[in-house]
Amino acid sequence: MMRVAVIGAGIAGVTAAHALASQGHHVTVYERRSSVAAEASFAQLGLVAPSLTGPGPFDGAPPLTERGGRWGLRPEAHLRPGWDTAAWRWLWQARQAVAPSRRAAAHKSLGELARYGQQHLRKVVVGHKLDYERAEGHLVLLSRSSQLSEAQQSLLELKARGIEARVLDPTACRVIEPALPLNANIAGGLYLPNDEVGNCRQFAHLLKEVAERMGVEFRFSTEVIEVMPGERPSLRSITLQSTTAFMSSRHVAAAREAARDAREAYDAVLLCAGVQAAPLLQQLGLRLPLLPVYGYSITASLRDLDRGPRAAVTDAQHGVSIARLGQRVRVAGGIEIGTAAHEHHEARLRPLYQALDRWFPGSAQKNHAQAWKGATPALPDGMPVLGQSDAPGVWLNLGHGTQGWALSCGAARLLADRIAGREPDLPLAAFELRRLR
Ligand SMILES: Cc1cc2nc3c(=O)[nH]c(=O)nc-3n(C[C@H](O)[C@H](O)[C@H](O)COP(=O)(O)OP(=O)(O)OC[C@H]3O[C@@H](n4cnc5c(N)ncnc54)[C@H](O)[C@@H]3O)c2cc1C
């Protein structure tokens, strides 16, 4: 049995803690916020869609697309890198990564991880009888005939990847989603019956309870301020004020001083700190091009359950997805680079409301909708970093981008195997840190 510290209780950290505890390890989770899934995993859409990890309109390296050897910006992308050289470098690297030769390898690895992730998510759900808001099926709505022929072409590729898909005419789209309006401009749809949508935050809370019953210790309102690598890596943490997890800089300085000699040693430390991993990575001398890529969501109660979506619907033209979460509907989209976390741009919310009105008019209580801006921790090639870092004893589970929930259970299981010295079910080489050098 090993003693493992997990830093961060977003979906990556909670699933990792559960996977490690399932293998009999003693796990302590450090989280600066007062609950699980309080940052990027909070009000994200909830799509678990291995179909999105291949070529096509939602290829996994936002904000860029590549079609027939030409690259471009996604319609929903807004870039404001200003004088931030790191953001410019990241964009340049992303531009390199959409080259067809490099994307093919990334598609293969990411596709395998996404399928493995979904299998493990289902195993965890069935194994622990987790009951959370979820629905099966994903309809990608296509408004132009050119998109329809692209969807036809992608069928063979999807089939080769083991993903069931059908191209539907407008009538068949309305059988899948009966609330779609008759006068909506639909050329057809790509239906992915095995994709699913679920409430990531609710799942994280349920899995945390399971993990606690397995002996995992969660330390909330506790920030790790230093990780010291080694054969037995150790860390120092401070306790934040529990209500807000924020303190004045004077209090933080005093708490840091008090924690100076309080080290805790482990057999392994797993970093699952999302976009906030940067200071710890810097301290460890690890240079990782991890950039916050922001997205928005709105969540509203359904006025009439029959007028809302049954499961997940994506508006391919506008890059907006709509999902049913129990008695609510959630709409997500937008890609923002170079803005501040607290800076909400109302203009980004407009396309989300417009998509809701276009596809499910009158279905939701929009006046009481909750708007959210989240930071997706992303690497320029759209792939996560999984595996051992250059700092002895420190492992990484970072940079899941727009697929963090979909990949989480798979990444957790692979890492738990590797940390324990077992051969994982899938090779981790494509996700290791060295690919970024
Ligand atoms: C609008 C939007 C829609 C999305 N839709 C989808 C989707 O449909 N499907 C999908 O799969 N993904 C989606 N994503 C992406 C997904 O939400 C993220 O990839 C995922 O939540 C990242 O999880 P994480 O655990 O890595 O990070 P986080 O959830 O951010 O967790 C990291 C945690 O680490 C903690 N932490 C950081 N530093 C420290 C420290 N020093 N000490 C202690 N704690 C620390 C933080 O407080 C935080 O709680 C979406 C994202 C956005 C923004």
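This is a predicted model: local features need pLDDT of at least 70, side-chain atom pairs count only at pLDDT 80 or more; totals for chains, interfaces and linings use all residues.
**Reading the core and the ligand shell**

Visitor: Which residues have the most contacts inside the largest nonpolar core?

Guide: A nonpolar core is a set of buried Ala, Val, Leu, Ile, Met, Phe, Trp, Tyr and Cys residues joined through C-beta atoms within 7 Å, where buried means that 20 or more other C-beta atoms, placed from the backbone, lie within 10 Å of the residue's own. Here the largest such core has 124 residues, and those with the most contacts inside it are Val6, Ala16, Ala17, Val269, Leu270, Leu271 and Leu415.

Residues are numbered from 1 along each chain as its sequence is written.

Visitor: Where does the ligand lie relative to domain 1 and domain 2?

Guide: Domain bounds come from an automatic or database domain assignment, which here gives domain 1 (3–43 + 202–287 + 382–436) and domain 2 (61–99 + 129–196 + 291–378). Both domains give residues to the shell around the ligand, so the ligand lies between them.

Visitor: Which residues come nearest to the ligand?

Guide: A residue is near a molecule if its C-beta atom, placed from the backbone, lies within 6 Å of it. Of the 40 residues around the ligand, Gly8, Gly10, Gly274, Gly295 and Gly404 come nearest, and the elements that give two or more residues to this shell include α1 (11–22) and α10.

Key: A residue is buried if 20 or more other C-beta atoms lie within 10 Å of its own, exposed if 12 or fewer, and partly exposed in between; C-beta atoms are placed from the backbone. Helices (H or I, at least four residues) and strands (E, at least two) are DSSP runs, numbered from the N terminus.
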